[in-house]
Amino acid sequence: PSGFVESSCRSRIFWMKLNKLLLQGKFFQLEIYDPHSGPVLLDENLASRCGYVLSEDVWGNPVFRASVLGCHVANEADELFSLTVNIKVSSFLSMRAAVTYTYPMYCSYASWASREIVCEENYMEVSVKTDVPAVSNDYTVAWMSALPETQNVAYQQWQLMFVSPSGRKRITVSDAVKLGYSFNNSLSRVYLRAPYHSNESDVSLVSGVNMNMVTSTSMYRQRWLLLLIDMTVSCPVDGISFTDTALTWTVPRVIPTLVVQESTFLSKSIVMGVDDRVIVNPEEMSYSLEHNETHIRITIPIGAEGGKLESSISGGVYGVIYSIDLFLEHTWTDAGWQTTKYTVIKSITTPFMPQIPTVTNNTVPEERLFNVAFGHFLPDVSLVAIAIGNVPFTLREAQHHGFRIYETPFSNGTKGFTLEVSFDDPYVLKEYVNRNETKYTLLVNYTLSVGPEMTLYYHSAEVECVIADIEIPEAVGDCDEENLYLTLPTFGLHQYWDLYLGNKLLNRHLALTNGYLAATNSTHLILQIPLFAGGVIYEEVSFQKIKARFDVALRKVRTMETLQMFSVSCSFKSSAFIICHPDGTIMISAQMKTVPAIDMSKTKLRDSSCKPREYNEAHAFFKFHVTTCGTSVRFEGDHIIYENEISYEKETLPGQSIATITRDPDYRLTVLCYYQAKETLVLGAFSSDPATSPPFGSGTMVPRSNTAAHRRVRQALNVVSRVSKDESFMEFYEPSTAIFKRPMEPVFLEVELKDKSPSVELYLENCWVARSADSNSTPRWNITVDG
């Protein structure tokens with residue numbers, strides 16, 4: 001078929017190339033047509049012995065090369081050469097029903113050098129011109145006597161003598177054929193073909209390059225002629241080196257075993273080629289051909305024209321392999337050989353070079369669209385599927401879903417793949433971060449088909465983009481005569497943020513417990529906080545005036561980080577109230593409605609020294625701590641109750657020993673503060689008219705007349721505290737004894753609750769030592785704080 005076969009004649013070698021596209025899905029064989037015996041099937045043994053090579057070029061096209069001195073080549077006067085090849089093609093491995101294409105090739109080559117050496121992939125070949133003059137018969141006996149090693153040369157029969165490290169070996173041509181050699185002569189030349197690394201060969205290092213060498217002499221004797229021909233051949237077997245960017249092929253410039261007198265050595269020409277083409281100007285193709293006194297060096301950039309850069313997968317890693325078919329022709333002269341033409345054909349393939357693909361995030365956050373570039377790849381790589389967030393998509397499914405995928409070509413011949421995904425796609429991960437930012441994460445897994453084998457390759461990538469697209473809510477505060485109000489947007493609540501009152505989540509239960517009223521509409525939450533509800537902070541409390549503030553914290557749901565504090569603060573007028581502070585301070589504004597009126601300046605607490613701080617005709621304002629002014633304490637359930645009493649005593653006339661009837665009314669007002677025993681922080685203050693079941697931190701004022709009153713007796717707890725003299729806790733100081741200790745000297749304190757009731761617990765709050773016997777003196781040094 002047209003375009004199936006291409007052929008050429010390069011120097012003294014037949015080149016034939018088959019088009020792989022016309023052989024897809026088929027099998028083929030080559031037969032060499034022998035004019036005498038017919039077709040001969042080409043195999044490895046026949047190829048190396050007869051001067052044939054069957055391989056592939058870097059593009060995968062089958063290539064056949066043959067020496068013009070090959071076994072089955074028709075030779076006309078060492079100038080015209082012809083070879084016929086049968087190409088058998090079949091759809092079956094057994095080659096049945098094969099179609100045979102007969103292809104003749106022709107080559108003319110008249111400019112033979114005195115010696116020509118070819119270093120092919122599978123054989124070495126040397127041919128030598130044999131037009132030597134005859135020797136007179138008169139001198140035959142004397143000449144042969146001068147060369148005793150030739151006495152045993154067979155008469156009128158070619159023989160070969162090999163010299164190797166193991167010694168000398170002389171064999172006939174037929175025996176040489178059995179060892180894989182081919183020796184023959186044409187009209188004017190004698191040639192020897194040898195396989196690499198035969199038993200008669202040797203490897204030597206020449207200018208840093210390993211050379212495989214066969215040292216041999218062909219011998220022929222007639223009555224008047226003794227012919228000895230040096231058939232030594234030497235070919236490089238390595239000399240290839242690689243970097244990340246180039247490959248280098250090094251061949252010795254002077255090979256001592258091939259040059260009789262190095263002093264007469266003269267290079268005539270050095271030519272390089274790719275495939276069967278001579279490269280006249282290597283630098284135009286970025287090649288480098290250099291030579292000095294010892295070396296000839298060819299350097300090829302990885303990926304240069306003429307070679308093939310191919311994708312590959314090794315160990316799950318993507319990489320590339322570069323291959324190129326080179327040849328080198330070196331022509332030189334020397335005194336012994338006149339002209340030698342030295343040709344080396346070399347197919348070079350680099351090792352696997354990993355090329356980890358890069359993922360580039362070209363996202364513009366304002367567009368809210370991921371733009372991810374994935375590359376760079378050779379043209380033999382195709383994207384076949386992706387997975388977004390572990391959800392697989394074929395390319396068609398991905399496009400239908402709304403992802404955009406397209407190839408991006410680059411000027412150096414590589415390509416990449418670009419993926420566009422919206423931030424709002426359900427398969428994009430979204431996470432609230434920082435104050436007002438969202439982190440969008442795109443998890444993508446690429447599936448690619450690589451190289452001619454279409455090996456699947458997988459690569460995962462994670463791309464993030466943080467954008468400030470969340471607006472932190474702002475609250476608005478307001479007050480009326482009895483309440484504080486806080487209004488804030490509901491967007492993001494419980495999704496990004498939560499509201500906290502102190503360290504407690506402000507949920508429906510806490511709102512109900514503290515007496516708040518909450519109302520929501522489509523956009524906002526409105527929180528109504530009564531003046532004396534739990535959580536209200538009293539910044540300033542004075543006679544008939546309260547400055548109150550309510551704070552809630554906006555915190556991140558996951559990290560509890562406080563982002564914003566929302567506060568509303570107002571001043572209120574109140575004629576009667578009781579405030580039980582978390583620190584144990586009690587503030588009372590008491591309203592006295594008696595007939596007749598009493599002098600409010602003469603009211604007092606249980607401790608008569610505790611007088612009102614402010615007063616007028618109808619009100620008195622007291623401020624004291626639960627540990628002062630005769631305040632008693634008792635436990636009821638899970639509450640601690642502190643109790644005091646505001647009273648007014650009738651005046652008696654001075655000097656009178658008996659009671660006097662007066663118009664002054666008897667007045668007593670019991671004050672109660674309730675604290676939860678297990679709360680470490682007590683929030684809030686409450687009006688003098690509490691609910692039936694007062695919450696923690698509540699206060700109550702209970703007015704009583706003297707006739708109906710009975711004093712509440714402090715509930716006595718059986719608690720014993722004492723100080724031990726040492727760590728044994730065997731000997732203790734007497735009660736009410738001042739104990740003096742030096743700094744850094746330990747104090748051994750024991751507190752014991754002897755009450756057997758299961759509902760009673762011992763909670764040791766604060767203990768300290770002071771400088772003097774007065775425990776309230778300063779400075780003081782803490783032993784325990786908050787238990």
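Predicted model: local features only at pLDDT ≥ 70, side-chain atom pairs only at ≥ 80, totals over all residues.
C9 has a relative accessibility of 31%, so this cysteine counts as partly exposed; buried means under 20% relative accessible area, exposed over 50%, and partly exposed in between, with a 1.4 Å probe and protein chains only. Its partner is C107, and the sulfur atoms of C9 and C107 stand 1.5 Å apart in a disulfide, a term used here for a pair of cysteine sulfur atoms within 2.5 Å.

Residues are numbered from 1 along each chain as its sequence is written, and side-chain values use heavy atoms, with hydrogens and water left out.

Let me stay with the cysteines. A disulfide is a covalent bond between the sulfur atoms of two cysteines. How many disulfides does the rule give? The count is six. With the bonded cysteines of the protein chain numbered in sequence order, the pairing reads 1-4, 2-3, 5-6, 7-8, 9-12, 10-11.

A disulfide also connects C119 with C235, with an S to S distance of 1.9 Å. C119 belongs to strand β10 (residues 115-119) and C235 to strand β19 (residues 233-236), so this bond ties together parts 116 residues apart in sequence. Helices (H or I, at least four residues) and strands (E, at least two) are DSSP runs, numbered from the N terminus. The torsion about the S-S bond of C119 and C235 is about -85°, which means that the disulfide is left-handed. Both C119 and C235 are buried.

Next come C580 and C673, joined by a disulfide with an S to S distance of 1.9 Å. Which hand does the link of C580 and C673 have? It is left-handed, with -80° about the S-S bond. C580 is in strand β48 (residues 577-580) and C673 in strand β55 (residues 667-676), so the pair ties together parts that are 93 residues apart in sequence. C580 is buried because its relative accessible area is 0%, and C673 also counts as buried, at 0% relative accessibility.

C465 is buried, with a relative accessible area of 8%, and C767 is buried, with a relative accessible area of 13%.

Neighbours within four places in sequence aside, the contacts of Y287 (heavy atoms within 4.5 Å) include M272, V274, P282, I300 and I324.

Finally, the surface. V747, L749, L764, V769, W781 and I783 make a nonpolar patch of about 450 Å². Patches are made of residues with over 30% relative accessible area and no salt bridge, with like charges joined within 9 Å and nonpolar side chains (Val, Leu, Ile, Met, Phe, Trp, Tyr) within 5 Å; a salt bridge is a side-chain nitrogen of Lys or Arg within 4 Å of a carboxyl oxygen of Asp or Glu. I783 lies in strand β60 (residues 780-784) and counts as partly exposed, because its relative accessibility is 41%.

Note on methods: Areas by Shrake-Rupley, 256 points an atom, 1.4 Å probe, with all protein chains shown as cover.
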